[in-house]
Amino acid sequence: MKTKLLGICLVILMFSCKEETKEKAMVEREIQQYTIEQFMDNEAVGGGSFSADNSNLLVSSNRTGIYNVYTVPTKGGEMTAITQSDSTSVTAQSYFPNDDRMLLNADGNGDEIDHLFVRELDGTIKDITPEKGAKANFYGWSEDDKYLYFGSNKRNPRYFDVYKMSIEDYTSELIYQDDTGLSFSGMSNDENYFALSKSLNTNDSDLFLYNVKTKETTKVNANQSGNSSEDFSKDNSTFYYTTDDGSEFAYLMSYNLETQEKKKVLEKSWDIMGIGFTSEGTYMVVYVNEDGKNAIDVLDAKTMTPIELPNFGDKSITSVRFSDDEKWMRMYVGGSNSPSDLYTYNLETKEQNKLTDVLNDDINALDLVTAKVVRYKSFDGTVIPAIYYLPHQASEDNKVPAMVWVHGGPGGQTRQGFSSLIQYMVNHGYAVLAVNNRGSSGYGKTFYQMDDLNHGEKDLQDCVEGKNWLAIQPEIDGDKIGIIGGSYGGYMTMAALTYTPEEFDVGVNLFGVTNWIRTLKSIPPYWESFRESLYLELGDPFSADSTRLKRISPLFHTDKVTKPLIVLQGAQDPRVLQVESDEIVAGVRKNGVPVEYVLFEDEGHGFVKKENQIESYSRILKFLDTHLKKENAPIEGETESTEIEAEKAN
């Protein structure tokens with residue numbers, strides 16, 4: 001026993017020494033810094049529907065600077081361009097089941113009014129949901145492969161009805177009409193059962209099954225809880241859903257459609273985000289949110305045991321999809337320091353093919369930083385999870401500035417995926433602490449609901465405590481810490497500069513909410529089924545809650561902002577209107593504070609065009625270099641212009 005113990009100790013010591021040597025070598029090696037053009041020359045690839053004969057995959061790629069649709073051979077080869085849009089992003093939905101027609105998706109430059117398009121065999125592209133102002137969502141193919149299902153709010157802008165469209169002549173019929181906010185969330189293969197959900201708040205929802213034959217609607221959940229429809233069994237006998245009833249985390253349940261008997265099928269120590277069966281029902285794919293990272297199991301549906309998947313070392317399989325005959329699987333594989341590449345895998349022959357190499361050849365992968373999950377205590381003892389990126393060049397002798405990163409939402413989560421902007425900042429010497437403050441998803445429903453009706457208060461203090469955690473790290477310059485975020489994270493940036501003006505040294509606001517009253521009153525009509533839930537979490541702007549909403553809206557308190565600010569906004573944004581950013585910039589400029597404003601006329605809620613990403617990210621870094629690192633800062637006594645504004649219109 002002693003000999004065995006000694007051997008284990010030696011192995012641990014050797015591994016520790018090896019890791020120390022590796023880290024030391026990394027520090028001693030000169031880290032190359034890359035331009036934003038080099039970072040944005042990485043390619044982003046998404047989707048991956050198999051053709052009927054399994055010879056090709058249908059994917060989306062931004063290799064031209066904007067998303068277009070391509071095909072790529074299943075066993076590897078050159079991509080073939082299917083669309084050549086130079087303005088609006090076009091993304092791949094699916095090959096048709098029995099031929100090489102393609103289903104595509106596009107909106108109007110980020111306005112989120114999506115339409116479905118078909119690329120015919122002769123190459124022509126047709127809008128099959130042409131109703132002006134109506135949004136269409138693809139739901140899937142019929143069991144007999146003769147129809148496609150889609151949702152549309154063309155009848156009533158507030159609700160999505162379900163339609164069945166013939167793939168022969170593209171005529172459609174209404175098969176479910178929603179007049180009450182019971183949202184469609186799944187359907188059995190025989191079209192006899194519809195899964196419907198009713199949002200109660202941002203965590204909880206009621207789940208129903210509608211029987212087409214009997215016209216009866218049955219409530220599935222007995223208690224108020226977070227419930228989500230997942231799939232129906234191949235034989236139409238069983239409905240599967242996730243719930244957090246009696247638990248902090250979501251687990252998988254089955255519901256017998258005949259007997260109404262419910263059984264717990266699968267439970268993990270984290271949220272089961274979703275499951276789905278392959279076409280023939282042989283496999284069940286399970287997605288788990290494991291501490292901010294996708295964990296995927298492919299189970300034999302009969303035995304519920306995992307099948308063996310390829311091992312990619314320190315990279316993770318982040319997404320999978322099967323061919324209709326279940327012989328092929330496509331996978332995306334990546335990590336926080338590596339954008340995801342597309343692979344295919346043959347389950348019979350074990351053949352594995354890498355179809356993409358999306359990291360720019362100019363970039364040495366060793367220069368990128370792997371995220372670490374850390375935790376710290378907030379002001380009231382609540383433990384806050386965060387994802388930490390520390391530059392390779394940082395040390396106790398070479399302290400670096402840092403940024404607190406706040407995700408979107410409310411209720412979002414920063415995850416351990418690749419971010420060009422984060423890696424760009426880290427590569428240029430900025431540490432990033434991505435805070436999952438209270439109210440973030442993925443850490444249990446109690447944690448998720450902790451910020452309800454106190455946004456800009458306790459969640460903001462979590463971010464301040466994140467700054468305090470950074471300040472005591474030996475590699476961080478505690479006098480140079482800023483805050484950055486988009487959407488809700490942009491709101492948190494403005495809240496930090498407004499309500500805790502001395503805590504952060506700079507702020508980067510990407511399309512952030514600054515006037516909650518206006519934002520909540522201008523919710524898009526197609527969010528109707530979720531509107532009341534948002535009001536429960538944030539407050540009802542048409543009630544006495546408006547007093548509190550005004551109090552937590554930075555726009556009404558801009559006189560308190562004293563630190564440099566950069567604001568970035570898309571003019572087509574339907575969620576956070578351009579006026580939000582216009583007014584916050586005007587208000588802060590009255591204080592004589594350095595303010596930069598970057599406005600993109602051809603973007604919505606988030607920037608998808610590479611040209612605009614390059615512009616925005618480079619402006620952010622230049623702003624940080626000037627106002628946080630103090631490089632190229634104005635000479636003392638000089639007044640910096642506060643009228644810097646960039647507008648891009650294509």
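Predicted model: local features only at pLDDT ≥ 70, side-chain atom pairs only at ≥ 80, totals over all residues.
Colleague: What makes β5 and β6 a pair?

Modeller: Two strands pair if DSSP finds at least two bridges between them. Here β5 and β6 (residues 102-106) have five, in the antiparallel sense, so they pass. Strands themselves are DSSP runs of E, at least two residues, and helices are runs of H or I, at least four, numbered from the N terminus.

Colleague: Why do β5 and β8 count as edges?

Modeller: The open sheet runs β5-β6-β7-β8, with antiparallel pairing. β5 (90-95) and β8 (125-127) each have a single partner strand, so one side of each lacks a neighbour in the sheet. From one strand to the next, the twist averages 30°.

Colleague: And β31, which strands does it pair with?

Modeller: β29 (residues 383-389) runs antiparallel to β31 and is joined to it by four bridges, with Ala 386 partnered to Val 435. β30 (residues 400-406) runs parallel to β31 over five bridges, one of them linking Met 403 to Val 432.

Colleague: What makes β31 "mostly covered"?

Modeller: Buried means under 20% relative accessible area, exposed over 50%, and partly exposed in between (1.4 Å probe, protein chains only). In β31 (residues 431-435), five of five residues are buried. Ala 431, Leu 433 and Val 435 point one way, Val 432 and Ala 434 the other.

Colleague: What makes something a nonpolar core, and which residues touch the most other members of the largest one?

Modeller: A core is a set of buried Ala, Val, Leu, Ile, Met, Phe, Trp, Tyr and Cys residues joined through side-chain atoms within 4.5 Å. The largest has 66 residues, and Val 404, Leu 433 and Leu 470 touch the most other members. Helix α6 (residues 488-499) gives the most, with seven residues. Apart from this core lies another of 37 residues, among them Phe 39 and Tyr 617.

Colleague: How do you know that α5 and α6 are roughly perpendicular?

Modeller: Axes are lines fitted to C-alpha atoms, for helices over the stretch in contact, with angles from 0 to 180 degrees between N-to-C directions. Under 35 degrees is roughly parallel, over 145 roughly antiparallel, 65 to 115 roughly perpendicular, and the rest oblique. The axes of α5 (residues 458-471) and α6 come within 10 Å and cross at roughly 80°, so the two helices are roughly perpendicular.

Colleague: Which residues make that contact?

Modeller: Contact means heavy atoms within 4.5 Å. α5 brings Asp 459, Leu 460 and Cys 463, and α6 brings Tyr 488, Met 492, Ala 495, Ala 496 and Tyr 499.

How values were computed: Residues numbered from 1 in each chain as written. Heavy atoms only, no water.
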